[in-house]
Amino acid sequence: MLLAWLALPTAAQNLTFRTLSTQHGLSESSVYSLVQDRNGFLWLGTQDGLNRYDGAAFRVFRSDPQQPTALVSSFILSLAADAKGGLWVGTGGGGLAYYNPLTENFRIYEAIPNDERALTDNFVWAVFCDRQGRVWAGTEGALNLFDPKTGRFRHFRHHQTVSGNVRRNAIRAITQTSDGRVWVGTGEGRISHVDERTGELVALPDWAPGAAVKTMTATPNGGLWVASENAGLCHLDLPRNRRTHYRAEPNQPGSLPSNTVNAILVDQQARVWVGTQAGLCLLDPATQRFTRWQHLPNVPHSLPTDKVYSLYQDGSGLLWAGTDQGVASFEPRPSAFEQPLSTSLTGSVWAITEDAQRRLWVGTENNGLLCHDPATGQLTTYRANPADAQALPEDFIRAVCPDRAGRLWVGTRSKGLACLDPATGRFRRFRHNPADPTSLSDDFVRCVYEDRQGRIWVGTEGGLNLLDPVSGRCAVYRHNPRDPQSISSNYVRCVYQDRKGRLWIGVGGGGLSQFDSRTGHCRTFRADRTNAQSLSSNFVRCILEDAQDRLWLGTEGGGLSCLLDADKGTFRSYSEAQGLPNNVVYGMAADESGNLWLATNRGIARFAPRTGYFRTYDMRDGLPQDEHNAGAYWRSPGTGRLYFGGGNGVVAFLPAAVRFNAVPPPVVLTGFRKFNRWATLDTSITASHVLTISPRDNFFSIEFAALNYRLSDKNRFAYKLDNFNEKWIDAGTQRQATYTNLDPGTYVFRVRAANNDGVWNNVGASLRLIVEPPWYQTWWFRILASWLVFGLLFLAYRMRVSQLLALERVRHNIARDLHDDMGSTLSSISILSQLARTHQQRGNAEQSSQLLEQIGDSSRRMLDSMDDIVWAINPAHDSMESVTSRMRSFASDVLEARGIDFTFKVAPEVTEHRLPMRARREFFLLFKEAVNNLAKYSKAELARIGLSYDNRCLVLCVEDDGVGFDPKAPAQGGGNGMTNMRSRAAAIKGQLTIDTAPGQGTRMELRVPLK
């Protein structure tokens, strides 16, 4: 047995710092300034860029010479947010910049030589927005007051009579006291206030300049906190004209740790926080002493470094410390979760209990049994000693239980049960003896329980034991396969007695057993996959009865089960699907509000039976581990304090002290991407209400954030797109929604978010999306297309009518030709037939023979005309090859019969063209007329016929070497040949030319235009 005394844990050891560094996207590690804008974004100024943080990601703004609306310098010295939502940025060498949240662009104000209304210097050490909304900028040359109407500055300096060095007007810090006065600290070390009437800085009397002022902060009661380089900290009580100095005193505990003070913050509770080169400090106003937090190597959630450059408190009360290793956020009060014993002392913990003296007993895996008295800090350690039969039998402790007699029962992993007498510190051992049926059933002890009758029940891997402490003999209850009323399994995990005196046994693989100690019989409840109201798992780890007499069971693999009706054997179960972080519940305790606290493999869950809501706490909340151990749980009856054990020791907390974040988080839209690439918008998507999307951008994403910085990685989101999906989509922690190929139309994107404690902002943010149709789906195109279709239909109608009219004309022409040619010919044949019959009857054989010859000629002419008509209307003869072939055949028949030699030449390009049916007929008949006239009247010996193509015209030339004729003389034979030819040429819009004279032959040329 070893005795030791532990120092009581202090608040300084229990603040939880959560660091954001370059690994999380911060542009550079040194954070010199912090501010939160009206929308809720957190802005951080570093040596290499301005950072906007939304709780999940950083967006970095840097200088860019190619962008006129970008920062001029990336070295950010100071920040200030105005009431309109804008941000003022003081840079090192780049002047003063104003960030417009609507356009996400910067307007730069720089120094202009010889301009008395411009910024005096481009090195802006401090920017400050006062309560009147005015913007003050401190540079090396003066204090500058910005005039928003003109975009110019008014300069404030000390009067020339005020002596000092070159830095007497170098403004390093600006603040405003409760009386409305604006105060500045200078590089010379002077403290002055602004006299707007005279336009001068008025130095504080009796303040001797010295070290440069680094920072200043006003207090609610009209005072000032001032920090100077290497001069410590000073509080100025201006109304009472009192001054209090705080300096580093190495040998004085509770003094300022360093005289180099970089930042001062008076928080919402008027507490004074100080950032130094040697850590973060909090001043105790009662004792005037400082509590310090420093970086602790290998300690998670400690301050990332000792150098604190800036301090800020956001609207939710969360504090931020800018350091040279990133920025750390922390709650200004200690975490509710603490470790009463160091992990180095406990190691892995498997058993926890508290005795009547409120001493904490902890059973460990490798470090034996620990007893901690929180009142005195005394720690007693019991370790195994093989040489001592009355020592702890084994260091691996699985169960501890104090009884009403003051004894402590200790179950080990392989060496049975031991009973500790605290007065003597000696142990009595109980082991399994195979030869003794009244000995402990097995040496692996899982649980020890004392019921209200004072009986000691011991659960082992070999069954359930009722131990008689006096005799050491056990009544053993084991599973008997032949007895359905025996205990359902020998692997006993927990024992519990309810208010009705019923004993419940949780076993591994056997479900839940209701045990009757009088008969030794059990009624067993088992898991049944076919019955949703059965027990959720056959592995029961822990049992608890709540204030409403409901029996709750923590299972392995089945989550949490509640026994609704013991008579009917009905249960209600809760698993990961209902919000439980993990379906393995190792331990369970109830608080005074009726909530159940469940230890799992993924943290500790708080369950509200009334609402069915789970809230999970894990290492991000300050727990030493997420995975806990079976049996390591306890609720202190006296204090209500809960204890849970795991691989990294014990965690203890008061449920009422666990912070609940009841503020719904602001929800903002943070980005818009097209085809997974950042899209630059005319108006920031955060401020946009309507966004038009072109039909080409059919793959886009909308990014969003919840501006809750308390455990922001636990923020959850849900979104939907009205007119596309009406149900909310649970996005979990995903921060973007992606859509593809939306139909043209108007949609409304909505997103809502919950904070780390599950409190939802159901209003959220929304954005109206107008998806433009492609050009072929626009209204003007549809109207144009409808008119085009109408026009095409009308054109088709007109073409059909034209075809019908053309067909009608063809039919009419055929009828006319048949009537003119066939009718007249048949009439003449009829007349000649009558005359021939008359002459035959009178015996005039010669005259009758002549008439019959005339009838034959008329019949042949009629057949030729019929052949010409049939040939003309046949579509197979549309080509010029067919036309020229018929022309050649006709010329050969007629001219060779007259003994006239002829040539017939066709140019190759002629065959590439076609003549319409009507034109083809007229053209051919005109050709026939010309050849017939040549054969009858020319007396020629040679004829030349040619077809050519010239200037989009078909040219027919018929030429002979005959006798010619006088065009002005009456036609030979008294016929209408020339008249018919000219009529046919006009019908096809051709030009007919006849060149002839008596004795000179004849040349006829016909030019027919082709389309």
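Biologist: What should I keep in mind about the source?

Modeller: This is a predicted model, in which local features need pLDDT of at least 70 and side-chain atom pairs count only at pLDDT 80 or more, while totals for chains, interfaces and linings use all residues. Residues are numbered from 1 along each chain as its sequence is written, and side-chain values use heavy atoms, with hydrogens and water left out.

Biologist: How many helices and strands does the protein chain have, and what counts as one?

Modeller: There are six helices and 70 strands in the protein chain.

Biologist: How does the radius of gyration of the protein chain sit against that of a compact globule?

Modeller: The protein chain comes out at 55 Å, whereas a compact globule of 1011 residues would be near 30 Å. The radius is taken over C-alpha atoms, and the globule rule is 2.2 Å times the number of residues to the power 0.38. Along the principal axes, the C-alpha atoms fill a box of roughly 180 × 110 × 45 Å.

Biologist: What share of the residues counts as buried, and by which cut-off?

Modeller: It's 51% of the 1011 residues. Buried means under 20% relative accessible area, exposed means over 50%, and partly exposed is in between (1.4 Å probe, protein chains only).

Biologist: Now the aromatics. What makes F61 and Y99 an edge-to-face pair?

Modeller: The structure holds 60 aromatic pairs. For F61 and Y99, the ring centres are 5.5 Å apart and the planes stand at 65°, so the pair is edge-to-face. The rule for Phe, Tyr and Trp (its six-membered ring) asks for centres within 6.5 Å; planes under 30 degrees apart are stacked, over 60 edge-to-face, and the rest tilted.

Biologist: Which parts of the chain does the F61 and Y99 pair tie together?

Modeller: F61 lies in strand β6 (residues 58–61) and Y99 in strand β9 (residues 96–100), so the pair ties together parts that are 38 residues apart in sequence. F61 counts as buried at 8% relative accessibility, and Y99 counts as buried at 3%.

Biologist: Why is the pair of W350 and F396 called tilted?

Modeller: Their ring centres are 5.9 Å apart and the planes meet at 50°, so the pair is tilted. This pair also links distant parts of the chain, 46 residues apart: W350 is in strand β30 (residues 349–354), and F396 is in the loop between β33 (378–382) and β34 (397–402).

Biologist: Are W350 and F396 buried or exposed?

Modeller: W350 is buried, with a relative accessible area of 16%, and F396 counts as buried at 15%.

Biologist: Which residues form an aromatic cluster?

Modeller: F672, F700, F704, F717, Y719, F724, Y739 and F749 form one.

Biologist: What makes N741 and N951 worth a mention?

Modeller: Neither is a glycine, yet N741 has a positive phi of about 50° and N951 has one of about 55°. N741 is found in the loop between β63 (736–740) and β64 (745–754), and N951 in the loop between β67 (942–950) and β68 (953–960). N741 is exposed at 56% relative accessible area, and N951 is exposed at 66%.

Biologist: Why is R752 called partly exposed?

Modeller: R752 has 21% relative accessibility, so the label is partly exposed. R752 is found in strand β64, and, with residues up to four places away in sequence not counted, R752 touches V667, R716, F717, A718, W728, W760, N761, N762 and G764. Contact here means heavy atoms within 4.5 Å.

Methods. Helix = DSSP H or I, 4+ residues; strand = E, 2+ residues; numbered from the N terminus.
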